[in-house]
Amino acid sequence: MIWFKKMLDERPNTLVLILAAAFGLGGFLLSSALFSDSDKLIGSAAPTLVMQDLAGKKVQLQDFRGKPLVVNFWATWCPPCIKEMPMLERAHSRGDIQVVAIASDEAADVRGFQKAQALTMTLVLEAQAGGINRALRVPNTIPYSVFFDANGQVVSVQHGGMSQADFDAQVLKARG
């Protein structure tokens, strides 16, 4: 705390610059999440692109038709992402909704997380996702989830972490 007081006394402008940068970055991240054009996705069809899951199997969103689906963008270093993973896995295991989780990580990190959490949902690395980020208008913040109905139509998007109530409401929309 002494260093802070010393910096405040000797360089008050530096503190102002640091605070301005922090608030500016925070504002940018918040605005990219809140004001992204991802809501324009609602009503559109699932993109037709080929991805590859962690096991090397080809995956397309069309493969999941017949049941509701959520595509979740996450990372192993993201606390809100980690918090919602057990909820996604439970819903997937019960058959409430299918889950494809797109990870912004290295394969080894995702495999370690998958093993530690006993995840059975479909996991795809962002690098193997065939441009899905662009197709689903993923903002610069995660977690981010896109919910599809059984016919492959986008019914809702969720910016940021979800509570159980938020998730249940989104699944209800996806189930029609």
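**Grounds for the labels**

Author: Of the 176 residues in the protein, 41% are buried. The model is a predicted one, with a mean pLDDT of 86, and 81% of the residues reach 70 or more. Over residues 20–35, however, the pLDDT is below 50, and this stretch has 10 contacts in the model beyond near neighbours in sequence.

Reader: How many helices and strands does the protein have, and what is their order along the sequence?

Author: The secondary structure comes to 6 helices and 7 strands, and the pattern read along the sequence is α-α-β-β-β-α-β-α-β-α-β-β-α. Among the contacts with a separation of 6 or more, 66% are accounted for by residues 24 or more positions apart.

Reader: Why does Met-51 count as buried?

Author: Buried means under 20% relative accessible area, and Met-51 has a relative accessibility of 1%, so Met-51 counts as buried. Met-51 lies in strand β1, residues 51–52, and, leaving aside residues up to four places away in sequence, it touches a set of residues that includes Val-100, Ile-102, Val-124, Gln-128 and Ile-132.

Reader: What makes Ala-91 a buried residue?

Author: The cut-off is again under 20%, and because Ala-91 has a relative accessibility of 1%, Ala-91 counts as buried. Ala-91 is found in helix α3, residues 79–94, and touches Asp-96, Ile-97 and Phe-167, not counting residues up to four places away in sequence. Ala-91 and Phe-167 are 76 residues apart along the chain, and their C-alpha atoms are separated by 9.6 Å.

Reader: Why does Arg-137 count as partly exposed?

Author: Buried ends at 20% and exposed begins over 50%, with partly exposed in between; the 31% relative accessibility of Arg-137 falls between these cut-offs, and therefore Arg-137 counts as partly exposed. Arg-137 also has a positive phi, of about 50 degrees, although it is not a glycine, and its place is in the loop between α5 and β6.

Reader: How do you know that the peptide bond from Ile-142 to Pro-143 is cis?

Author: The bond from Ile-142 to Pro-143 has omega near 0 degrees, and it is cis. Most peptide bonds are trans. Pro-143 lies in the loop between α5 (132–135) and β6 (144–148).

Reader: What makes the space lined by Ala-46, Leu-61 and other residues a cavity?

Author: A cavity is a set of points where a 1.4 Å probe fits but cannot get out. The structure holds 1 cavity of 30 Å³ or more, and the largest cavity has a volume of about 50 Å³. Its lining includes Ala-46, Leu-61, Phe-64, Arg-65, Phe-148 and Asp-149, and the lining residues divide into 6 nonpolar, 1 polar and 3 charged.

Note on methods. Residues are numbered from 1 along each chain as its sequence is written. This is a predicted model: local features need pLDDT of at least 70, side-chain atom pairs count only at pLDDT 80 or more; totals for chains, interfaces and linings use all residues. Side-chain values use heavy atoms; hydrogens and water are left out. On a 1 Å grid over the protein atoms alone, a cavity is a set of points where a 1.4 Å probe fits but cannot get out, and a pocket is an open set with protein on both sides within 12 Å along at least five of seven lines; lining residues have an atom within 4 Å of a point. Grid points are joined across faces, edges and corners, and a volume is the space filled by probe spheres set on the points. Ala, Val, Leu, Ile, Met, Phe, Trp, Tyr, Cys and Pro count as nonpolar, Asp, Glu, Lys and Arg as charged, and the others, Gly among them, as polar. Helices (H or I, at least four residues) and strands (E, at least two) are DSSP runs, numbered from the N terminus. Buried means under 20% relative accessible area, exposed over 50%, partly exposed in between (1.4 Å probe, protein chains only). Contact means heavy atoms within 4.5 Å. pLDDT is the predictor's confidence in each residue, from 0 to 100.
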